[in-house]
Amino acid sequence: MDVATFLASSPLAFVLCALVLGLLVGSFLNVVIHRLPIMMQRDWRAQAREFLDLPSEQIATFNLVLPHSHCPQCNHQIRAWENIPLGSWLFLRGKCSSCRAPISKRYPFIELFCGVLSAYVAWHFGFSWQAGAMLVLTWGLLAMSMIDIDHQLLPDSIVLPLLWLGLIVNVSSLFAPLPDAVWGAVAGYLSLWAVYWLFKLVTGKEGMGYGDFKLLAMLGAWGGWQVLPLTILLSSVVGAVLGTVMLRMQKADSGTTIPFGPYLAIAGWVALLWGDQITSAYLQFARF
């Protein structure tokens, strides 16, 4: 019996494998979340210097691989046994093994959250192409959401490949028929683009960024145009509730900018997994 046959015949084994894979991917996502915005800023700076005809800067190599992970306080290079997802943080009690500086709790949280989401996707879809594709989308949504929270930025290097991947997987109608996926991408972009310009004409302010348009287009490419109404509704409700709570917890004023990308990502993920059930339940409730 090969591995694929074993995982297909054993749902529990598949879920556990997805959990472990999610923990490993979550560890890598921590690197992406931290380094990708810095890489983008360096690239923008280099482009600006080239446009202004200024001499290029000599800077050290910085990408998703180099330099190797190290403690920001003492520059202690993280060894393999110190980089085991979740386990190393618990074993080290959340502190650097060299200087004992605290390690942010966000790192193990993202690893655990990614693992749990991955396990749930595996349980929801079973051993299938849908599960594999949805795992990739889940990891991408998690990474871009955290980057948007930190920098109010949705990287094209994550959003656009996932948009094309959504169209590709739907060539075989994995989540939606291809025509619905194409129109979902178009409608997703244009709907928020229209809201953006209407808001700007009325208030003279920018209510959201172009990254949000691309993100909704990407979700439409995965689930078809049918997921867009529920995604927009859920993201608005979640954004209003969580945004209000966050503003009050941080004691910020109403003019504080709140990234909308994470709410779109949460709503789109929910709509892709439970969209039909939520819509059916709502229509049944509305009849009474």
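Residues are numbered from 1 along each chain as its sequence is written. In this predicted model, local features need pLDDT of at least 70 and side-chain atom pairs count only at pLDDT 80 or more, while totals for chains, interfaces and linings use all residues; side-chain values use heavy atoms, with hydrogens and water left out.

Me: Why is Leu 135 called buried?
Reply: Buried means under 20% relative accessible area, exposed over 50%, and partly exposed in between (1.4 Å probe, protein chains only). Leu 135 has a relative accessibility of 8%, so Leu 135 counts as buried. This residue is found in helix α5; helices are DSSP runs of H or I with at least four residues, numbered from the N terminus.

Me: What is Leu 135 in contact with, leaving aside its neighbours within four places in sequence?
Reply: Contact means heavy atoms within 4.5 Å. On that basis Leu 135 is in contact with Ser 118 and Val 121. Leu 135 and Leu 21 are 9.9 Å apart in space, C-alpha to C-alpha, and 114 residues apart in sequence.

Me: What makes a set of residues a nonpolar core?
Reply: The residues must be buried Ala, Val, Leu, Ile, Met, Phe, Trp, Tyr or Cys, joined through side-chain atoms within 4.5 Å. The largest such core here has 58 residues, and those with the most contacts inside it are Met 134, Leu 141, Met 144, Met 218 and Trp 222. Helices that each supply at least two residues include α2 (11-51), α5 (129-151) and α10 (261-286). With 12 residues, α5 gives the most to this core. Trp 222 touches, among others, Ala 133, Leu 162, Phe 175 and Leu 272, not counting residues up to four places away in sequence.

Me: Why is the pair of Tyr 196 and Tyr 210 called edge-to-face?
Reply: Rings of Phe, Tyr and Trp (its six-membered ring) pair if their centres lie within 6.5 Å; planes under 30 degrees apart count as stacked, over 60 as edge-to-face and the rest as tilted. The centres of Tyr 196 and Tyr 210 are 5.4 Å apart and the planes are at 65°, so the pair is edge-to-face. Tyr 196 is in helix α7 and Tyr 210 in helix α8, 14 residues apart.

Me: How many aromatic pairs does the structure hold?
Reply: The structure holds 15 aromatic pairs. One of them joins Phe 125 and Phe 175, edge-to-face at 6.1 Å centre to centre with 90° between the planes. Phe 125 lies in helix α4 and Phe 175 in the loop between α6 and α7, 50 residues apart. Phe 125 has 17% relative accessibility, so Phe 125 counts as buried.

Me: Why is Asn 75 called exposed?
Reply: Asn 75 has 55% relative accessibility and therefore counts as exposed. Asn 75 is found in the loop between α2 and α3 and has a positive phi of about 65° although it is not a glycine. Pro 67 is found in the loop between α2 and α3 (87-91), and the peptide bond from Leu 66 to Pro 67 is cis, with omega near -5°.

Me: Why is Arg 100 called partly exposed?
Reply: Arg 100 has 42% relative accessibility, so Arg 100 counts as partly exposed. Arg 100 is found in the loop between α3 and α4, and its phi is near 65°, a positive value in a residue other than glycine.
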